[in-house]
Amino acid sequence: MYDKLLSPLDLGFTTLKNRVLMGSMHTMLEEAKHGFERAAAYYAERAKGQVGLIVTGGIAPNPEGSVAPGAAKLDSPKEVEEHRLITEAVHKEGGKICMQILHTGRYAYHPMAVAPSPLKAPIAPFPPKELDAAGIEKQIQDFATCAALAQEAGYDGVEIMGSEGYLINQFIAKKTNKRTDEWGGDYENRIQFPINIVKRVREKVGPNFIIIYRLSMLDLVDEGSTWDEVVILAKEIEKAGATIINTGIGWHEARVPTIGTVVPRGGFAWVTKRLMGEVNIPLIATNRINTPEIAEQVLQEGCSDMVSMARPFLADAFFVQKAIDGKSEEINTCIACNQACLDHTFQGKLTSCLVNPRACHETKLNFTPATQKKKIAVVGAGPAGLASATVLGERGHAVDIFEAESEIGGQFNMAKVIPGKEEYAETIRYYDVMMKKYGVNVHLNHRVTTEELAAGNYDEIIIATGVTPRKVTFEGADHPKVLDYVDVLYRNKPVGNKVAIVGAGGIGFDMAEFLAHNPEEASPSVNTAEYMKEWGVDMAYSKGGALMEAQPAPSPREIYLLKRSSGKHGKNLGKTTGWIHRSSLKMKEVKMMGNVEYQKIDDDGFHIIRDGNPVVLDVDHVVVCAGQEPLREMYEELQAKGLNVHLIGGANVAAELDAKKAINEASYLCAEL
Ligand code: FAD
Ligand code: SF4
């Protein structure tokens, strides 16, 4: 079924069992208490799930190259033992694992940062110290020593992180390398740093050790590499002794989303395809490959020899095994939300996954068969209820799930219609398949009552009834111009050409995105060429960095996004995705207004006071996205009857975009019932 994806890859001295690479992700496990034991369990589960080759999160070759003070590094023999826990656990499951060597250069979050030139990165707090010739030699040596220590720890290879704007990339690009010695100036000089690193690593580790080089094939910053330069570098890296070349897309400071859920599936595979045939070693395509179907397609279309998927292995450790078994519909698909992975990493928190709270918690959260089989009712089939029913069913309980609507999914049915959030439908599909698999009784169109539940002889009742949109109280709140987000996104009520959105939280932002998009046209998030045009990526690669002027499709509506508070719109959105939403609405010329007092709505429009001045917005509709109230009466009533009742998800705390908490609470509760 996935003939190419599941076929072995012969590297000469060793063979990978399939074409799947689990890409590097910094999980913070290595820095956590008992972190290496936990990391070993995390990687071993993915090896058991038949990943062809795993790459660890970035490990620094020295303190100056580390992400932050105290972050994982490997520069002394005493650190080797802990790494051995990981390699032994992976090998026991028949897997292979490479350690990524990551030197952050000027992206470091500490004052020891070093770089080819003393230019502070726009996204980092410290200006780096310029390396002198001896300093450069030390960095190269440290890469080689680190690789040798990784080999001693039992890794099957290393990945040298040469992309994403980290130190090696900083040497390569004119933008960040202003040196006039033999490490700067011409391209030929600027690439000596990576070439020497690969050569020196190969000398240290011998021929039978995998060296993956992650090559920035598309910098997406001004003064980035040209395509010809990318090809030259790839050839030199092959000559220097690399086994495989992996693709890097975009520097961290680039203003083009490269992995967010707005990026089309497989949307950057075309970049790797350009390099196919230029070198003789295997190439790996990356970014937003999240199903076996798209992975197979990337390979079938000749874009690469192998595919890298990272977050999909947080979402489902058994992704490959399920593909092998022909059960891809059972894969818990990564929806590219970043909420529990990258957002956590950037907040210094342990990584996990919104759709799979077991990720990086393999030693803490397990769904073991129930010792006492119970009859359990779950009320509400949103993410919290669906996760509950799935875990309970898997553990062998008899489960009834009640849903008032005609379909499962709860608010995810609204999320999935937002352009750029199409992936959210996959979570609903996954739960649907799992509930069938575990024999959960699904009662649709059934608004269950307290009386029914009390009469149902249930051992446990889980209330996952979610939320109701918060009403506004200003004059004219019942005017026909006023709609709420459910009216628009779920009940398909028509919206005019001029519209004001009340509330600029996550749902307000999503509403603006929805209304700014022409429903007659495919969303750029499902069309690669449109996406590249929208965000200004030049697929013809006419100049270094491959940027061009962005050409977003105009909004079919005039939209005001209003909020009462002052300050930046969307400051509470996801750490790694908020800027994407802001940029997208800016491109669509959505008018963002803060410091607004709402007065009344009448036939003339929406009367507001802005910065102390009365204004009437002549709008056809006002869409209210002013927060949510929990639906929890049933919980209180059942509790009063003395029944075993549990409250989870939005019904517990209504917090707009918080499916992470909903699924997490459900999973921990149901692991114990
Ligand atoms: P809900 O999803 O609200 O589900 C509750 C279910 O219970 C409903 O289906 C309801 O019909 C049913 N129900 C209620 N009472 C009864 C009854 N008596 N009998 C039977 N059934 C009943 N979250 C994120 O984390 N990330 C996002 O990107 C994101 N995007 C969103 C975009 C939009 C447009 C919206 C509206 C929400 C978004 N969310 C997002 C929020 C997320 O969907 C919620 O946090 C999540 O759905 C809460 O899950 P829940 O199961 O607690 O409640
Ligand atoms: Fe994917 Fe979201 Fe899970 Fe991260 S948190 S792995 S982006 S589903």
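Which helix holds Asn169? Asn169 sits in helix α4, residues 167-172. Helices (H or I, at least four residues) and strands (E, at least two) are DSSP runs, numbered from the N terminus.

This is a predicted model, in which local features need pLDDT of at least 70, side-chain atom pairs count only at pLDDT 80 or more, and totals for chains, interfaces and linings use all residues. Residues are numbered from 1 along each chain as its sequence is written, chains are lettered from A and ligands numbered from 1 in the order in which they are written, and side-chain values use heavy atoms, with hydrogens and water left out.

**Ligand 1: the shell**

- Ligand 1 is surrounded by 39 residues. A residue counts as near if one of its heavy atoms lies within 4 Å.
- The closest are Gln339, Glu403, Lys421, Gly650 and Ala659.
- By class, the shell holds 21 nonpolar, ten polar and eight charged residues. Ala, Val, Leu, Ile, Met, Phe, Trp, Tyr, Cys and Pro count as nonpolar, Asp, Glu, Lys and Arg as charged, and the others, Gly among them, as polar.
- Several helices supply at least two shell residues each, among them α13 (383-394), α18 (506-515) and α22 (659-672).
- Domain 2 (376-448 + 629-672) and domain 3 (471-517 + 555-626) both give residues to this shell, so ligand 1 lies between them. The domain bounds come from an automatic or database domain assignment.

**Ligand 1: polar contacts**

- A polar contact is a pair of N or O atoms within 3.5 Å; within protein, one must be able to donate a hydrogen and the other to accept it, and residues adjacent in sequence count only if both atoms are side-chain atoms.
- Lys421 places a polar side-chain atom 2.6 Å from an oxygen atom of ligand 1.
- Gly650 has a backbone N or O atom 2.7 Å from a ligand 1 oxygen.
- Ala404 has a backbone N or O atom 3.0 Å from a ligand 1 nitrogen.
- Taken alone, ligand 1 exposes 1,000 Å², and the protein buries 95% of that. Accessible areas come from the Shrake-Rupley method with a 1.4 Å probe; for residues, only the protein chains shown count as cover.

**Cysteines**

- The whole structure contains zero disulfides. A disulfide here is a pair of cysteine sulfur atoms within 2.5 Å.
- Cys353 counts as buried because its relative accessibility is 12%. Buried means under 20% relative accessible area, exposed over 50%, partly exposed in between (1.4 Å probe, protein chains only).
- Cys625 is also buried, at 2%.

- Asn338 has a phi near 70 degrees, a positive value in a residue other than glycine. Asn338 lies in the loop between α11 (319-324) and α12 (342-346), and is buried at 3% relative accessible area.
- Glu589 is not a glycine either, yet its phi is positive at about 55 degrees. Glu589 lies in the loop between α20 (578-587) and β21 (591-593). With a relative accessible area of 63%, Glu589 is exposed.

**Other buried positions**

- Asn169 is buried, with a relative accessible area of 1%. Asn169 and Arg202 are 33 residues apart in sequence and 20 Å apart in space, C-alpha to C-alpha.
- His569 occupies the loop between β20 (558-562) and α20. His569 is buried at 7% relative accessible area, and its side chain reaches the backbone oxygen of Leu561 at 3.0 Å.
- Ala359 lies in the loop between α12 and β13 (375-379), and is buried at 0% relative accessibility. Ala359 and Leu314 are 45 residues apart along the chain, with their C-alpha atoms separated by 5.3 Å.
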